[in-house]
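Please open the model in your viewer and keep the selection tool at hand.

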Amino acid sequence: MDPGVVAAVADAHRREWAFVLAATVRVTGDINLGEECVQDAYARALSAWASAGVPANPGAWLTTVARRRALDLKRRDATARRAAPLLLDDDPTPGPDDQVGDRPDIDDDRLRLVFTCCHPALSPDARVALTLRLLCGLTTGEVARAFLVTESTMAARISRAKKKITAARIPYRVPDLAELPARVGAVLDVVHLLFTTGHSAPIGDDLVRRDLVERALDLTRMLRTLLPGDADVAGLLALILLTDARRDTRTDDDGRLLLLAEQDRARWDHAAIIEGVALVREALRRRPPGRFALMAAIAAVHDQAPHYTDTDWNEIVALYDLLVQLWPSPVVALNRAAALGLAHGPSAGLAALDALAEEPQLAGYAYLPAARADFLSRLGRTDQARLAYAEALLLTENTVERDFLTDRLAQLDR
Amino acid sequence: MSQYLVLIYEDETAWANATEAEAGKILAEHGEFGERNRSSLSGGNALQPTSASTTIRRDSSGGFSVTDAPFAETKEALGGYYLIEANDLDEAIEVAKQVPAPFGGVEVRPIRTFD
């Protein structure tokens, strides 16, 4: 097998899967059949491209082959038509109905697929699984590994979700303008969850799961192409770029967690920072600014400080003040309290953290005792700091974070 | 077109404690809902409270047990339903959002068809 062709097919899988599947599902009217035809098209590409060369537009080639296969199967098996009339579009060529009125910017089959996968009538777990399976083209085994569940569990979850799409007739279309902002919000929540799961793996031996972070970035870039005027999409893309720009410096060569203060800023991804900052500016133009835009703005303040000591903590606290109003989550309040301590000193930070001690949502959240431990040690209250680090250690299952906390605990006694 | 059953689940004590004026207002809202969605509606009824319900199950000896209780004891009980027609779930949800249910909410269940 020509390695160049294998690489071209793999690349087309990564870039074009969602496009090809979304266009094919419009012909099949059925997601399972659509997937089958698309898989078949990729398999054919391996031999066809080896003899005839890689086509100039691989996505269009794959779509044509997958749709032709779908039409063949439909002709051969009229029951497919009866079984799943829901998503059916008898005429696969674009017609006047396919122009979404004055919204040509969102006339793309991929958007239909996005809104089907992230429909609020599906459970959040199912939305994430379907997004990885159908929009990113991951196998069920790969999706299962990403979420540390068995393949049979994930297969059952995906199959249940697909059955609900058919049984409840979850539509394959872009929601009405009135519904659009809320529905885009649901899509972005799914992608953001993918990113945070990848960026800070809750359990396991690695701090970051690169595969999930990159999928989240790909999806957000796709949404940016499909909804170029949406401030929330711009905000999420900025957030991912500005956070992920520090990917190479979050741990040292031995895999030890490094704080912002310890990271080599010269090794941050400056191209990503420049792109992210421009997107933050764009996202913040909308009033009031959205949640992702504010989070991205906070990341931008960190990324733009030449040294840790240059960090504008007052600006960060001010951004957290806005964020906590818009998104009153205990986790945001915790981050605000930590920033407050760095802006106004450890006593102020400790007082703000202690005000959150009764939050039920933060019980079991390792960052609260870890942040308390840090402020306590700065205040010279070593015994209490020791207790707080021990509490944090009890609450984290990530190996890299555990090593970091153990290290801090040991330093208290030096 | 598909059919969906919109099940209205509400707190029965809130209904029992509602004044005549409050109850009348909600009933009038149901009337307006019915007028507004006449083209989608295929049926609907209000139910007597669960205190009037009887549950029948087969018991282990092959007979029946008949009890004076609802099928499931919950704070919010099934109190009525509409049978609606819609092209897809989003359309059904749009109709369901308009169903007055001040003491609870509604559940949308697709009607199953057998070929």
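Begin with chain A and colour its two domains: the C-alpha centres of domain 1 of chain A and domain 2 of chain A lie 53 Å apart. For the selection, domain 1 covers 1–87 and domain 2 covers 340–414; such bounds come from an automatic or database domain assignment. This is a predicted model, in which local features need pLDDT of at least 70 and side-chain atom pairs count only at pLDDT 80 or more, while totals for chains, interfaces and linings use all residues. Residues are numbered from 1 along each chain as its sequence is written, and chains are lettered from A and ligands numbered from 1 in the order in which they are written.

**Helices of chain A**

Select helix H11 (residues 231–244) and helix H13 (residues 291–304) of chain A. Helices (H or I, at least four residues) and strands (E, at least two) are DSSP runs, numbered from the N terminus. The axes of H11(A) and H13(A) come within 8 Å and cross at roughly 30 degrees; axes are lines fitted to C-alpha atoms, for helices over the stretch in contact, and angles run from 0 to 180 degrees between N-to-C directions. H11(A) is therefore roughly parallel to H13(A), a term for angles under 35 degrees. Show the side chains of the contact, among them A:Leu236 and A:Leu239 of H11(A) and A:Phe292 and A:Met295 of H13(A). Two residues are in contact if their C-beta atoms, placed from the backbone, lie within 7 Å. By class, this contact has 11 nonpolar, 2 polar and 2 charged residues. Here Ala, Val, Leu, Ile, Met, Phe, Trp, Tyr, Cys and Pro count as nonpolar, Asp, Glu, Lys and Arg as charged, and the others, Gly among them, as polar.

**Two loops of chain A**

Move to A:Pro288, in the loop between helix H12 (270–284) and H13 of chain A. A cis peptide bond joins A:Arg287 to A:Pro288, with omega about -10 degrees. Then select A:Arg169, in the loop between helix H8 (151–167) and H9 of chain A. Its phi is near 55 degrees, a positive value in a residue other than glycine.

**The sheet of chain B**

Which strand order does the open sheet of 4 strands in chain B have? The order is E2-E5-E1-E6, with antiparallel pairing; two strands pair if DSSP finds at least two bridges between them. Strand E2 (41–46) and E6 of chain B stand at the edges, each with a single partner strand, so one side of each has no neighbour in the sheet.

Follow the pairs across the sheet. E2(B) pairs with E5(B) over 5 bridges, where B:Ala46 stands opposite B:Gly80. Strand E1 (residues 2–11) and strand E5 (residues 76–86) of chain B share 10 bridges, and B:Leu5 stands opposite B:Leu83 in E5(B). E1(B) also pairs with strand E6 (residues 104–110) of chain B over 7 bridges; there, B:Gly104 is the bridge partner of B:Glu10.

Definitions and conventions. Angles under 35 degrees count as roughly parallel, over 145 as roughly antiparallel, 65 to 115 as roughly perpendicular and the rest as oblique.
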